[in-house]
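Reader: Could we go through this model together, with the cut-offs spelled out as we go?
Author: Gladly; here it is.

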Amino acid sequence: MSSSMIKVGQLGINYIVDGASTSSLGVFELTVPPGSNVPPPHSHSNNEECVYVLEGTLRYSVGPETRDLSVGQSMSTPKGVVHAFANPFAATARALIMQSPDIGAQYFKDVAAVVNAGGPPDKAALVAVMTNYGLVPAAAK
């Protein structure tokens, strides 16, 4: 198990437990610098997710509810519920993300390959990667 940081644009993903191979719980640390580009609102077909803020403030939305989570606060996302996050604040946010079952570090490596290719990200390629791992982008409003 390597603990190397996966960079997706400005975001950092540091896997602590990669449960993808065992279809069990996964845990990773997410680093979100101020004003980072973040994934579009989406839902997971196969995974529940819980976010727990370690540092800074993270704006997190689950369904119709949006909260600014500070250190020690958390929110859970049931399977199939649209969620999103952002950091519109001045300081970098760090959060512990738990998924059951885990989507796996390879997902983020695949996304990174598209996002970090240079130039504007290929949206069709990103959606293909998301779909491959059971993520469903929310319909544009």
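Reader: Which residues lie nearest the centre of the largest pocket?
Author: Val38, Pro39, Pro40, His42 and Met130 lie nearest its centre, and the lining comprises 40 residues. A pocket here is an open set of points on a 1 Å grid over the protein atoms alone, where a 1.4 Å probe fits, with protein on both sides within 12 Å along at least five of seven lines; lining residues have an atom within 4 Å of a point. Please bear in mind that this is a predicted model, in which local features need pLDDT of at least 70 and side-chain atom pairs count only at pLDDT 80 or more, while totals for chains, interfaces and linings use all residues. Residues are numbered from 1 along each chain as its sequence is written, and side-chain values use heavy atoms, with hydrogens and water left out.

Reader: And what volume does the largest pocket have?
Author: The volume is about 910 Å³, taken as the space filled by probe spheres set on the grid points, which are joined across faces, edges and corners.

Reader: How many of the lining residues are nonpolar, polar and charged?
Author: The lining has 28 nonpolar, nine polar and three charged residues, where Ala, Val, Leu, Ile, Met, Phe, Trp, Tyr, Cys and Pro count as nonpolar, Asp, Glu, Lys and Arg as charged, and the others, Gly among them, as polar.

Reader: Switching to the fold, in what order do the strands of the open sheet come?
Author: Six strands run in the order β1-β2-β3-β10-β5-β8 with antiparallel pairing; strands (E, at least two residues) and helices (H or I, at least four) are DSSP runs numbered from the N terminus, and two strands pair if DSSP finds at least two bridges between them. The edges are β1 (6–8) and β8 (74–77), each of which pairs on one side only.

Reader: What packs on that sheet?
Author: Helix α1 (residues 105–115) does, touching β1, β2 and β3 (contact being heavy atoms within 4.5 Å). Its direction makes about 45° with that of β1, with axes fitted to C-alpha atoms, for helices over the stretch in contact, and angles running from 0 to 180 degrees between N-to-C directions.

Reader: Which side chain meets glutamate 29 in a salt bridge?
Author: That is arginine 94, at 2.9 Å from N to O, where the rule asks for a side-chain nitrogen of Lys or Arg within 4 Å of a carboxyl oxygen of Asp or Glu. The pair links strand β10 (residues 93–100) to strand β3, 65 residues apart.

Reader: Where is the cis peptide bond?
Author: It joins serine 100 and proline 101, with omega about -15°, and proline 101 lies in the loop between β10 and α1.
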